[in-house]
Amino acid sequence: MLKVLIPTIMLIPTSCLINKKWLWSTTTYQSLIIAIISLTWMKWDSETGWTTSNLYLATDPLSTPLLVLSCWLLPLMILASQNHMMTEPLIRQRSFIILLITLQILLTLAFSSTEIMMFYVMFEATLIPTLIVITRWGNQTERLNAGTYFLFYTLAGSLPLLIALLFMQNNLGTLSMLTIQYTNNMNMPSWGEKIWWAGCLLAFLVKMPLYGVHLWLPKAHVEAPVAGSMVLAAVLLKLGGYGMMRMMVMLEPLTKDLAYPFIILALWGIIMTGTICLRQTDLKSMIAYSSVSHMGLVAGGILIQTPWGFTGAIILMIAHGLVSSALFCLANMNYERVHGRTLLLARGLQMILPLMAAWWFILNLANLALPPLPNLMGELMIITSMFNWSYWSILLTGLGTLITASYSLYMFLITQRGPAPAHMLALEPSHTREHLLVILHLAPILLLMLKPEVMWGWCL
């Protein structure tokens, strides 16, 4: 654990002290080395599943893929932000990179903590750097409104969780993930148990987000700079899914009865957000709503509590994290050239940037879960376990899959095909940095097809 944490912390003095000329390249290289070192976590040799470095930090096969994903994302965020940050004063460039590094440290601590209270503190602490990135480096004045939505939705969901955790600590005497499964059940009246169950899960359902408490997400995505959108889509939403999986161990007997409304809301949300995507005019908003749709499927897979549902959820979280982050990168590349996110004003780019159109095509196919990509594997596992839970769920999940395919192809056709508008003159050509950025997103997705047990190893 420390072999990744200490070099990441050392990135902060590096970015403070290094010469302006080498700031972006050095931080990119150092963070990429850290990401490569983090791949060593994939080697599991512990019989209990946990590989501990001390009493409070440990990795297991559930947290490892998400830890590696968050480490992998830091160099990509720095790469994606270079172009639009170059015009800023040096102090702002340094503070932007430091915020991204701080976010990486907090995420690493959140995913590797063995104490639930420590996980809660880190879960909340990720709010601060993300909020500063959105409200300081966002594009429009609505960024302040988006920041307020983001803060209050997340905090309103998190306070019941804090009370539920304190109550649990008082009753059980421990909040350690290593020992809590061996403790006795909590003694509460039946209505108290139900409120406690809702308190434990509400924060994570808001963070995922579940349809109904999702309004903060499109606002935050649309107003955030590219690095903010990338980390939100790829890792911060996955904190919700990870937290739900961890809490399910303690909520075992209650979930079977209480999860029904949430599963139905998640499935209904897949269809609702999919149809919202079909009538979007804003490119980033469209990708943001598609994230809500995919995370609805993940929430359903976790709540039905079967091994297949859990495995499908973790696979879909990893695959969706990489694909949606890459789509936000491509949307930003369009924005840097056309200076607008409106779909109608940025058509026919295939004629001008043909290689970029190939990246758009591949990533849209990945978004609609083309076989044999891990996206399809995750979706099929969740849909199968849903079908086993209730035959009627196939109507909602099947329709959701069709709508996903529709808006993914619509997104590709409207941005890339057709004649280029007359107002698009002298667009900048694509750069090697941009192609490298997309390749670094695509490579893990393609490699996971060859060795998928890296993601579902915890289930074996």
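Tyr-391 is exposed, with a relative accessible area of 61%; exposed here means over 50%, buried means under 20%, and partly exposed is anything in between, using a 1.4 Å probe and protein chains only. Its ring partner is Phe-387, and the two form a tilted aromatic pair, 5.0 Å centre to centre with 35° between the planes. Phe-387 counts as partly exposed, at 36% relative accessibility. For a pair to count, the rings of Phe, Tyr and Trp (its six-membered ring) need centres within 6.5 Å; planes under 30 degrees apart are called stacked, over 60 edge-to-face, and the rest tilted.

A word on the ground rules: this is a predicted model, where local features need pLDDT of at least 70 and side-chain atom pairs count only at pLDDT 80 or more, while totals for chains, interfaces and linings use all residues. Residues are numbered from 1 along each chain as its sequence is written, and side-chain values use heavy atoms, with hydrogens and water left out.

Back to the rings. The count comes to 12 aromatic pairs. One of them is Trp-197 with Phe-262, again tilted, at 5.5 Å centre to centre and 50° between the planes. This pair links distant parts of the chain, 65 residues apart: Trp-197 is in helix H8 (residues 190-207) and Phe-262 in helix H12 (residues 260-278). Helices in this naming are DSSP runs (H or I, at least four residues), numbered from the N terminus. Trp-197 counts as buried, at 2% relative accessibility, whereas Phe-262 is partly exposed at 22%. There is also an aromatic cluster, made of Phe-111, Phe-119, Phe-123, Phe-204 and Tyr-242.

Next come the helices. Two packed helices are described by the angle between their axes and the distance between the axes. The axes are lines fitted to C-alpha atoms, for helices over the stretch in contact, and angles run from 0 to 180 degrees between N-to-C directions. Helix H14 (residues 307-338) and helix H18 (residues 432-450) pack at about 165°, with their axes 10 Å apart. H14 and H18 are therefore roughly antiparallel to each other; that label is for angles over 145 degrees, with under 35 roughly parallel, 65 to 115 roughly perpendicular and the rest oblique. H14 passes H18 in a left-handed crossing, meaning that the near helix is turned anticlockwise from the far one by less than a right angle, while clockwise would be right-handed. Residues making the contact include Leu-322, Ala-326 and Cys-329 of H14 and Leu-437, His-441 and Ile-445 of H18, where contact means heavy atoms within 4.5 Å.

Leaving out residues up to four places away in sequence, His-441 touches Leu-73, Leu-76, Met-230, Leu-322, Ser-325, Ala-326 and Cys-329.

H14 also packs against H13, at an angle of about 175° and with axes 9 Å apart. That makes H13 roughly antiparallel to H14. Among the residues that meet are Ile-287, Ser-291 and His-294 in H13 and Ala-313, Met-317 and His-320 in H14. H13 packs with H9 as well, at about 140°, with the axes 9 Å apart. That makes H9 oblique to H13, and the crossing is right-handed. Leu-217, Pro-218, His-221 and Val-222 of H9 take part in this contact, along with H13 residues including Ala-288 and Tyr-289.

Most residues other than glycine have a negative phi, and most peptide bonds are trans. Yet a cis peptide bond joins Met-208 and Pro-209, with omega about -5°; Pro-209 is found in the loop between H8 and helix H9 (216-223). Another cis bond joins Pro-371 and Pro-372, with omega about 5°, and Pro-372 sits in the loop between helix H15 (354-367) and helix H16 (374-389). As for phi, Gln-305 has a positive value of about 55° although it is not a glycine. Gln-305 lies in the loop between helix H13 (283-303) and H14. His-339, in the loop between H14 and H15, also has a positive phi, near 60°, and counts as exposed at 61% relative accessibility.

Definitions and conventions. Helix = DSSP H or I, 4+ residues; strand = E, 2+ residues; numbered from the N terminus.
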